[in-house]
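Colleague: I would like a close look at one part of this model. Please keep it short and plain.

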Amino acid sequence: MATDLYTHAFADNLRLAKSKRLAAPANGTYNLIRLPRYAFVKQVWLWVVTAYSAAGASVTVGFIGNGEAADTDAFLTNTESDPDAAGMKTSLGGSAACAAGKYFADGSGAITLTTNKSTGDAGVVYVFADYVVIY
């Protein structure tokens with residue numbers, strides 16, 4: 001006979017968040033989207049509206065919080081974000097550590113973007129996150 005261990009932890013409100021517009025950001029790390037404890041990030045997108053002008057430029061999307069060390073490329077690595085080319089980039093199916101999702105079980109956090117424009121000009125980017133909060 002099976003033992004019942006049914007869950008009572010459900011999400012009833014889907015959330016899709018958009019960062020502020022980052023136009024020619026200076027080199028550094030930016031905290032963009034706050035995430036509450038118990039957030040499950042399902043997918044992250046980087047929209048490169050205007051491409052960076054230098055071939056050596058880099059953009060990664062990661063996180064801080066959840067009682068862990070910050071991971072600047074947990075959702076999108078520089079190869080996947082490809083800031084030299086305009087367009088919409090997605091974490092789903094990527095090779096980053098949290099490309100398939102991340103659960104913030106131990107604390108709140110934030111989605112971050114780290115950029116280095118190299119010798120050229122930085123472009124214009126937005127970050128989107130699809131997540132739910134499971135109580």
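Which residue stands opposite alanine 23 in S10? Please take me through the rest of that strand too.

Modeller: Alanine 23 stands opposite valine 124 in S10. This is a predicted model, where local features need pLDDT of at least 70, side-chain atom pairs count only at pLDDT 80 or more, and totals for chains, interfaces and linings use all residues. Residues are numbered from 1 along each chain as its sequence is written, and side-chain values use heavy atoms, with hydrogens and water left out.

S10 covers residues 124–133. A strand here is a DSSP run of E, at least two residues, numbered from the N terminus. Strands of a sheet pair through backbone hydrogen bonds. Two strands count as paired if DSSP finds at least two bridges between them.

Start with strand S2, residues 22–23. Two bridges join S2 to S10, and the two run antiparallel. Next comes strand S1, residues 14–18. S1 is also antiparallel to S10, over five bridges. Here arginine 15 has tyrosine 131 of S10 as its bridge partner. Then take strand S4, residues 39–50. Ten bridges tie S4 to S10, again antiparallel. In this pair, tryptophan 47 stands opposite tyrosine 126 of S10.

Now the side chains. In a regular strand they alternate between the two faces of the sheet. One side of S10 carries Val124, Tyr126, Phe128, Asp130 and Val132. The other carries Val125, Val127, Ala129, Tyr131 and Val133. Both faces are covered. Ten of the ten residues of S10 are buried, meaning under 20% relative accessible area (1.4 Å probe, protein chains only).

How values were computed:
Buried < 20%, exposed > 50% of the residue type's maximum accessible area, 1.4 Å probe, protein only. Helix = DSSP H or I, 4+ residues; strand = E, 2+ residues; numbered from the N terminus.
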